[in-house]
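Please take a moment with the sequence and the model shown below before reading on. The paragraphs that follow are meant to be read alongside them.

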Amino acid sequence: MRPQWRATGALRRSAVLGAGGLAWAVVLGEPVVLVLTVPLLLISLPALSRRPSRTPTIETSLLHASLREGEGVSLDLAIHADDDVEQVTRVMTPQRLVVGRPDDGRIVTRWPAARQLQVSPRRWGSIAIGERVALTSAWAGFRWGPVAPAERPLSVLPSAPPYDSRAEQPRPQGLVGAHRSARQGQGSELAGIRSFQPGDRLRRINWRVSARTGTLYTTTTRAEQDAGLLLVVDLLAEHGASGGVGGSTSSLDLTVRAAAALAEHAAAQGDRVALKPIGGRARPVPAGVGRRHLRRVLGTLADVRPSASPYDDAARLNLRVGAGTTVIVLSPLLAESIGTAAATLTRRGIPTVVVDTLPDDVVPDLPDRDQTLVDLAWRMRRLDRDGVLNALDAIGCPVVPWRGRGTVDEVMRDLGRRSEQPRVSP
């Protein structure tokens, strides 16, 4: 049923007391009672004369359908048939890590000053913004609602921390990009000087060397190509509690935000970016380039949810890594399958980097269990994790903790130097 205008409790009380006091004063001849009750009637009569005649309809809308965590968006309110509306009360539906402004998502003010309510999600994810709205007529005589308009979906993208890398991809293999290739071609990076050969461009002739030797020499350069980046994110479990932007950080927060920063940097370089979730509820994103593809990657990261899956063990993982692709695994490394997958890629000769996303201060939150046993089990699990880290280091797979800007620079340079070294055939 559609809500209708109903008299407020204040109007009922003033009308009943005013009418009763007036009757008492007339019947019993009590002028004092008349003096006390007439003001109540004077308040009730204007409110009754302004009784609403039209039933309003309301709808809400968001100014943007997506934003970054920590940013704000306006939840706009539109009222149709608002001739009788004087005051609006809006209360945002409370949600964890979603902040409303002003007054924590509560507005009581005259219409139309209450058109906008500011909403600021503090953590990435897909949420629905809702509220309850009540309308009041002139003189606070009649009230409509409260009602709950349809919730508005909002995609909160992970905030990419400031990230920049000057390291090149170890093995670029594409068409045109910003990475120096191992093969010679058209580019700006000097490769060497050799004797002039038929077909060489005249503008590449090195006249200084040619004049000194009496023979034509040409300058060769390295080709500049794009590369591929495969981001493997561990969604098997979340360790630690998330406090949103500016608060405590869980392992999943570090994983998602680091993946977003790496994807944005690679997309800005013109590289191909692909996303492979392990576990959780998320679909893989194939390799692609451009801003639209980046939005798809960030949208997928915003929708991830941690959960273990029997189909994500190491024996069934098929990452399908193509030539010229660098793999970055983002994981707290508490699942054996993740370390096994990274080791397999390294043994296949694929440039692989593991980014450790386990916070330093994370501890299990199991208040209903024996804390002595919990601490013992956690120490044993950390020892197993240290064994995985040592095994990856022994086979040449670098593991670095996520620290923002320049996290993978040094290991990328090492992988690039390693790829340029000659290989000995058996």
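A residue is called buried when its relative accessible area is under 20%, exposed when that area is over 50%, and partly exposed in between, with a 1.4 Å probe and protein chains only. By that scale Thr340, with a relative accessible area of 32%, is partly exposed. The model is a predicted one, in which local features need pLDDT of at least 70 and side-chain atom pairs count only at pLDDT 80 or more, while totals for chains, interfaces and linings use all residues. Residues are numbered from 1 along each chain as its sequence is written, and side-chain values use heavy atoms, with hydrogens and water left out.

We can begin with the chain as a whole. The chain has eight helices and 20 strands, where helices (H or I, at least four residues) and strands (E, at least two) are DSSP runs numbered from the N terminus. Of its 426 residues, 43% count as buried. Contact here means heavy atoms within 4.5 Å, and among the contacts between residues at least 6 apart in sequence, 71% join residues at least 24 apart.

Among the strands, strand 2 (residues 57–62) contains Thr60, which counts as buried because its relative accessibility is 5%. Leaving aside residues up to four places away in sequence, Thr60 touches Leu75, Asp76, Leu77, Glu131, Pro149, Ala150 and Arg152.

Several backbone details also deserve attention. Leu97, in the loop between strand 5 (87–92) and strand 6 (98–101), has a positive phi of about 65° although it is not a glycine. Trp139, which is placed in the loop between strand 10 (131–136) and strand 11, likewise is not a glycine and has a positive phi, of about 60°. Two cis peptide bonds can be described as well: the bond from Trp111 to Pro112 is cis, with omega near 15°, and a cis bond with omega of about 5° joins Gly145 and Pro146. Pro112 is found in the loop between strand 7 (106–110) and strand 8 (116–121), whereas Pro146 is found in strand 11 itself (residues 142–147).

A side-chain arrangement can be found at Arg123, whose charged end sits over the ring of Trp124, 4.5 Å from the ring's centre. A charge is said to sit over a ring if NZ of Lys or CZ of Arg is within 6 Å of the ring centre and within 35 degrees of the ring normal.

Turning to the helices, helix 4 (residues 251–268) has 18 residues, which at 1.5 Å a residue should span 26 Å, and the 26 Å between its end C-alpha atoms agrees with that; the expected span is 1.5 Å times one less than the number of residues. Of these 18 residues, 15 are buried, so helix 4 is largely enclosed by the rest of the structure. Helix 4 is followed by Gly270, whose phi is positive, near 85°.

Two packed helices are described by the angle between their axes and the distance between the axes. Axes are lines fitted to C-alpha atoms, for helices over the stretch in contact, and the angles run from 0 to 180 degrees between N-to-C directions. The axes of helix 4 and helix 5 (residues 291–302) come within 10 Å and cross at roughly 175°. Helix 4 and helix 5 are therefore roughly antiparallel to each other, given that angles under 35 degrees count as roughly parallel, over 145 as roughly antiparallel, 65 to 115 as roughly perpendicular and the rest as oblique. Where they meet, Val256, Ala259, Ala260, Ala263, Glu264 and Ala267 in helix 4 face Leu294, Val297, Leu298 and Leu301 in helix 5 as contacts.

How do helix 6 and helix 7 pack, and at what angle? Their axes are 10 Å apart and the angle is about 5°, which makes helix 6 roughly parallel to helix 7. The contact is made by Glu336, Gly339, Ala342 and Ala343 of helix 6 and by Arg381, Val388 and Leu392 of helix 7.

The C-alpha atoms of Thr340 and Ala391 are separated by 9.8 Å, although the two residues are 51 residues apart along the chain. Arg381 is found in helix 7 (residues 371–394) and, at 25% relative accessibility, counts as partly exposed. Not counting residues up to four places away in sequence, Arg381 touches Leu334, Ala335 and Glu336. From Arg381 to Leu334 there are 47 residues in sequence and 7.5 Å in space, C-alpha to C-alpha.
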